[in-house]
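Hi,

Here is the structure I promised to send over. Have a look at it first, and my notes follow below.

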Amino acid sequence: MVEHGDIRVVHRGGSKINFRVPVITNDSRFLLCASGECVKVFSTSTEECIHDLQGHTDLVTGVVLNPSNHLQVYSCSEDGTIRLWDFTDGILIKTLVIGYPIYSFYASANHGGVLFIVSPMINDRRSEACQLAAVHLPPSGDQLVEAREISSVLSDVSSNPAAVAFSRGGEYIASAKDLQLEVYFFKKEKSYRFSLKEHNNKGARNKFTCVSCHPTDDCIATGHEDGKIRLWRNFNHKREYTYSTLHWHHSAVSSLCFTPEGTNLLSGGVESVLVQWRYEQESQQDFLPRLGAAITHIAVSPDGALFCTSHADNKITIIQSCVKVSAVLQGLVKGESVRTDLMVDPRSKALVLNGKPGHLQFYSLQRDKQLYNLDIVQQEYIHQSGLEQFEVVKAAFDARGNWLATVEERKQKDLELELNLKLWAYDEQTQSFVLNTTVSAPHEARITAMCFCHAADSQTTMLASASKDGHFKAWQLGEPAHTEEGPSWSCDFVGAYHGLVPECCCFSADGSLLAISFQEVVTVWSPASWELLTTLSQPPGAIRDLCFGQLSCSKYLLGTTAKNLLCCWNLLTCSLEWSTAMDVGLLLADPLSENMAAFCCQAGCTDLFVFKPSEPRPLFSHKAVCSGKVTHAVFAPREEMLESCGESSQWLNRSQLYFLTQYMDLLTFSTKAEEDRLMASSKQLVIDDSVAVTPFYLLLGKHRQEKQETLTSLCPERTQLPQGSVAIKELLHTPAHVLPSTSYLCSMFVRSLLISIKDTREEDDPNEEEMESEKEEEGDSEGEMEPSASGQRSSSSGQTQESGAPALTKAQGRELRRVKKLDHSWLSSLLDS
Amino acid sequence: MGEFTVHRVRFFDYMPSAIRAMAFNRHTERLALARADGALELFNFSDSYFQEKVIPGRDGRAVEALCWVGRRLFSAGLNGEITEYDLENLRPRYTMEAYGGPIWTISSNPQGTHLAIGCEDGTVKIFEILEETIQFQRNLNRQKNRIISLSWHPSGALIAAGMMDMIRIFNAESGHATHRLLVERGVGASKSREVVVWSVAFLSDHTIVSGDSAGKVQVWDGRTGTLIRTHLVTKWDVLALSVTHDESSLVAGTSEGTVVQFQFLSSTVDRTDKDWVRTRTFKNHTHDVRALVHTDTAVVSGGMDTQLVVRPLLDKVEKNTQESALRKIAFPHRSLVSCGKKAGMLLFQFPDHLELWRLGESDGHGKPGDSVPVKRKPEKLVQLKRKGDDHICCSALSPCGGWLAYSTVSSVRLYRLQYNNNNVSITKVTKLPKVLTSAHQLCFAPDSSKLFASSSQSSVVVVALCQSECKYLHTLKTKSGTRQPIHLMSASDDGKWLATASTDCRIHVYNLHKLKLHCTVPVYSSCPTAIAIHPTTSNLVMVHADQQILEYSLAQKEYTEWSRKLQKQGLHPLWLDRDTPIIHVTFNPKNPAHIILHDTYMFCVIDQSLPLPDQKALLYNQMTLRSLPELERVRHSHAFKICKTFQHLLCVSLLEDHSLVVVERPLLDIASQLPAPVRQKKFAT
């Protein structure tokens with residue numbers, strides 16, 4: 001089933017949803033956004049992700065509604081293809097191969113059959129310059145088409161998608177790059193260029209950042225680096241062009257958007273305030289402040305009712321008529337760096353890392369959704385450059401997830417380092433962490449490492465922290481004090497070793513040993529008595545990482561040194577078991593197995609080795625996992641164990657390895673089996689998209705399904721129901737001579753549309769319906785595993801109607817059964833189409 | 001360029017007066033500008049914005065509005081009088097009481113037949129313009145409130161009048177008010193305050209544009225009297241409006257010092273209906289913009305901060321030319337300082353007094369660039385207040401420091417100064433010749449034996465001075481019979497020649513020995529801004545408003561070889577790009593090849609013995625020359641040696657002892673004496 005080498009590095013979860021401007025569908029019900037290698041379809045009302053449009057093999061760089069069919073969407077990617085999707089059903093309709101990486105693309109209703117792409121210069125691949133080209137869509141109906149008709153429109157355009165905009169009616173296209181605005185008129189085939197000075201005498205930075213065109217008037221709005229917005233008019237003259245300037249933003253305007261009627265202009269920037277300018281009355285502005293993070297994109301629904309803003313913290317906010325935030329789609333927040341390591345919350349199995357400034361985020365990898373943010377710093381964050389603020393730099397969970405320890409620090413220029421150690425207890429009632437103890441200045445210098453004792457059976461939990469001040473401290477939960485506030489944490493022990501600086505600390509699996517590295521020396525302490533048990537050393541090179549073996553390998557202590565050595569000590573003999581020369585950048589142990597993972601950085605790439613400390617041969621190795629250094633990784637336990645027997649992929653059975661690359665991409669390893677399962681589940685996934693998927697609906701639907709399952713216990717292996725459209729397909733593909741007469745079909749079809757008073761009364765009694773379905777079920781339960789068999793489909797689809805949405809009357813049901821006997825079973829599915 | 005001991009003078013507290021009103025004559029391209037002290041200035045926009053004429057002010061005359069009718073200039077002020085000016089003799093021709101209280105505005109109909117004035121008592125008075133004078137014709141229907149602003153419809157049949165809280169439209173024929181446009185008051189606290197319609201503009205398509213004290217620029221339909229659009233431009237007042245002649249663009253000046261442009265644009269390319277859209281904002285002033293003119297190519301603005309700013313519209317002029325540069329005219333284009341070269345004294349001219357200073361002395365010797373300790377401090381010897389209401393129009397100090405003369409439009413006064421030790425005695429010369437009633441320009445002969453005073457019709461009165469009395473000698477007259485006033489006079493050091501320049505660009509040279517006209521220099525199209533006669537070669541050096549330098553040999557009566565060479569090779573583009581005129585020319589007696597000239601931002605020594613710079617050479621090369629070795633230096637040096645160490649120069653002059661006097665007036669010092677501007681919220685303050 002699983003062969004060697006089928007493990008692949010994939011993006012799974014946590015990809016950017018703010019990479020490109022999102023699209024709101026014409027009916028304002030769905031929001032589509034590019035997210036890594038797929039396009040996500042969200043419901044605007046419930047924030048639920050409805051579809052993942054998967055198919056691209058590289059970063060998706062643009063999403064545009066098909067101007068000629070508002071139920072279809074185009075997406076372009078750096079893999080050089082444009083794909084057309086039906087987003088309501090999540091079906092790929094067409095793939096258009098361009099052959100060049102596409103950075104962004106545009107469509108206009110007045111240019112039917114033409115898409116405009118921004119791609120690197122075709123003639124000159126080396127240069128950074130991009131060009132805007134028109135791609136004529138070939139008329140053929142094939143699934144995979146190669147586009148041959150590509151004509152260049154503008155040669156020097158910015159790769160920033162916000163810097164190109166189409167006018168009302170597609171008469172001209174405006175493109176801004178650096179200090180030049182170019183307006184190209186399609187009809188006249190003439191372009192006008194307007195340049196600004198780089199600096200004026202007041203020090204304004206005039207570079208263009210974004211462009212937007214008024215939908216009805218000839219007015220182009222441009223945003224600039226110094227926060228100004230210019231409204232250009234009369235630009236069909238070389239000299240007599242004119243512009244007016246609006247200035248509210250203090251930093252660069254990152255996005256501009258006119259509302260569809262052209263009455264308002266929306267702008268946003270780093271201030272995280274959405275500004276609404278009245279067109280023609282620009283002195284009046286409306287503000288929507290406190291949106292949380294810098295605005296990167298603004299989009300407006302075609303009816304103008306919904307605005308949505310993308311934010312720098314991987315968030316999309318949906319705003320109703322510029323007054324109310326109605327929904328927030330939060331992706332994994334990725335700042336410039338993750339100061340805390342990647343962690344997994346033992347309770348929720350969520351990935352925990354730095355989120356918003358001063359927060360820890362809990363991100364569910366399974367559902368690809370942020371669960372919640374924990375405010376650690378509990379101070380207002382001020383968006384201002386050059387202002388040092390408290391940052392969460394370390395965090396650790398104890399084994400059961402009852403305690404969370406965090407360290408925050410602030411280093412202001414010329415001031416002493418401010419450090420706070422906070423301990424949070426999990427509160428069952430509120431289902432969240434509550435601050436228990438705050439230790440201000442736990443150490444005199446920066447804390448280098450912190451870990452909890454992971455022994456599951458120990459009565460008291462212990463926290464060890466090591467700091468640059470040369471000490472390590474052990475913290476313990478004290479006895480309940482005289483006050484009623486409950487127990488709090490206090491320092492239990494302060495240790496040092498020859499005045500050296502401790503770098504790493506690690507508890508053994510049973511909590512009986514604490515290993516702390518002091519440069520080249522590893523010291524092993526007994527937490528019970530706090531005596532130094534032994535020292536291990538393997539010079540040269542300071543210890544970089546320290547890790548105890550797990551489970552059966554718990555007698556081993558592994559360490560990596562700065563001088564490219566991976567050492568394994570046997571703690572029973574206190575001697576070096578083995579060592580190997582490897583430049584290990586990151587070493588971590590899987591808590592659920594004996595496996596250890598080592599990321600080695602070599603020649604700009606990172607290789608991964610998975611091994612057991614007891615075995616000399618690595619279980620698995622993967623060359624060139626990604627370019628650049630891997631600095632953070634974590635083993636996340638799986639919800640259910642994977643049943644794969646392949647030798648090389650066994651290590652992924654219990655837990656999954658996630659890692660962050662230099663460019664803050666969250667990657668993971670996936671096996672073939674896993675992918676197959678995912679594919680299968682996505683095929684089976686049926687959600688009636690004609691109804692907005694509310695949580696209530698899902699809840700109710702599940703409840704009904706359960707109820708049904710109890711009723712239909714005779715057929716425990718019920719498969720998912722096939723879709724109604726299949727029936728129509730079958731009807732259309734079946735030769736006419738085998739169909740029943742049209743009059744017969746028609747009368748039945750018409751009858752199905754009629755509503756009789758008697759029927760509604762009967763429908764009120766779902767029990768009866770379900771009894772009915774049960775009876776049917778009994779008849780047809782056997783062959784249901786093969787949905788391709790046409791004979792069996794009728795029952796299942798019939799059942800869909802009756803159980804899921806009871807639309808059939810009794811009389812119709814009877815009729816149906818009669819028809820079924822004639823083996824025109826597929827016909828019944830017509831009724832729900 | 002030679003080394004000089006420099007007297008760096010900063011005690012001339014010259015303070016220009018605020019700009020109150022402006023009017024532009026499209027046909028002659030002359031801008032008339034009225035200042036708060038009643039002085040009028042005329043700028044020639046076709047000749048590098050040169051300040052051609054100055055009519056001195058008068059106490060009690062406050063010009064509130066200006067109006068051109070053909071070549072005639074009218075003003076009206078809060079003293080309730082209408083004044084017409086004699087632009088040839090630089091004095092008011094007549095004044096006429098309007099009997100309506102203070103006059104806020106004056107406007108002529110486009111046909112140039114009638115004047116309308118808006119009075120404090122609520123009347124709009126129509127005056128008929130006659131050949132020599134104006135005559136009251138009738139009142140339009142009297143209103144309750146004062147009339148602040150007026151604008152004629154181009155047809156001349158309708159007048160829009162801005163008042164308190166409203167705009168009225170009058171039928172000019174019948175005098176009836178046809179429409180009443182109510183102007184909304186400001187919001188908030190200013191709700192209770194009346195809104196003042198500071199300015200209205202009546203366009204040919206019956207659109208009325210108004211600017212008011214609530215900070216709004218409003219566009220009205222004058223036919224129906226309905227408001228079309230309101231642009232809130234500022235939190236303070238919109239004080240001035242100006243529309244281009246083709247009515248495609250208008251500008252509004254605000255109390256914040258900004259000028260906001262509106263353009264008449266169609267919303268899309270293919271449609272013809274147009275709309276007034278706010279476009280650019282110019283901020284070139286720190287204080288109120290009181291006066292605005294929108295010419296076809298530029299926005300000219302002036303206000304409380306006393307500077308005249310010409311902001312060319314880049315869509316109307318060729319880019320990167322002299323014309324496209326922003327110009328700020330802060331100083332007058334004539335010298336207010338006269339220097340007693342032999343005595344080391346300076347005479348500063350203020351509108352209402354004169355100050356005589358003796359320069360400091362020092363015996364120190366220092367390296368170039370050092371400041372030398374002052375042994376004796378500069379000292380104010382005399383402060384002479386003028387007599388009468390008229391402001392001083394010109395003044396002169398004799399080179400020996402023994403004579404002092406000044407003139408107003410009504411009289412000339414001559415004083416004898418005597419020094420004994422530290423005491424200065426000043427005695428007025430009582431018996432002046434009858435012909436010496438008023439002078440446009442005064443000049444002493446280098447040996448202080450004669451006083452030259454230019455009077456009307458370009459004639460020069462020569463008066464001999466001896467001891468404590470004076471004697472009329474002669475009146476030098478031109479043959480051409482020009483009527484334009486003389487604005488420059490220069491006598492040669494040997495006492496033989498006198499050169500005069502009049503505003504119609506004519507330069508005459510008189511032989512003082514024979515007391516008759518020696519020659520007339522060929523007329524150059526640009527007005528001369530400084531003239532001087534070389535002491536040894538007797539060449540006349542003339543600098544013109546377009547920055548050209550000409551040298552004319554008085555002996556041969558032709559342009560000199562050097563001048564021809566300069567014309568042939570052409571001046572350096574950077575030299576031509578300077579935006580302030582040369583206002584003074586002197587010579588270095590030590591080195592006859594040196595000509596010293598200065599404008600506001602630099603002074604320059606032209607060495608006629610060195611080669612001229614070619615077009616690509618570095619013009620401002622003094623710093624690079626200093627860094628080069630001696631041999632290289634010769635190769636790179638050229639005739640123009642420019643020094644920019646001293647800025648905002650009012651006078652550069654060479655004393656007898658070869659020390660240089662530099663009179664500076666930093667603009668910051670002027671700005672610090674201005675009243676505080678309106679409060680504006682600035683970001684991050």
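**Salt bridges and the chain contact**

A:Lys623 is exposed, with a relative accessible area of 57% (exposed means over 50%, buried under 20%, partly exposed in between, with a 1.4 Å probe and protein chains only). This is a predicted model, where local features need pLDDT of at least 70, side-chain atom pairs count only at pLDDT 80 or more, and totals for chains, interfaces and linings use all residues. Residues are numbered from 1 along each chain as its sequence is written, chains are lettered from A and ligands numbered from 1 in the order written, and side-chain values use heavy atoms, without hydrogens and water.

The partner of A:Lys623 is A:Asp607, in a salt bridge with the closest N and O atoms 3.9 Å apart (a side-chain nitrogen of Lys or Arg within 4 Å of a carboxyl oxygen of Asp or Glu). A:Asp607 is buried, at 6% relative accessible area.

In chain B, B:Asp599 and B:Arg578 form a salt bridge at 2.4 Å, N to O, and both are buried. B:Arg376 pairs with B:Glu361 at 3.3 Å in another salt bridge. B:Arg376 is partly exposed at 31%, and B:Glu361 is partly exposed at 36%.

Now the chain contact (heavy atoms within 4.5 Å): chain B puts in 23 residues and chain A 20 residues. One salt bridge is counted between the two chains, with B:Arg229 meeting A:Glu280 at 3.3 Å, N to O. Over all chains, the count is 38 salt bridges.

Cheers
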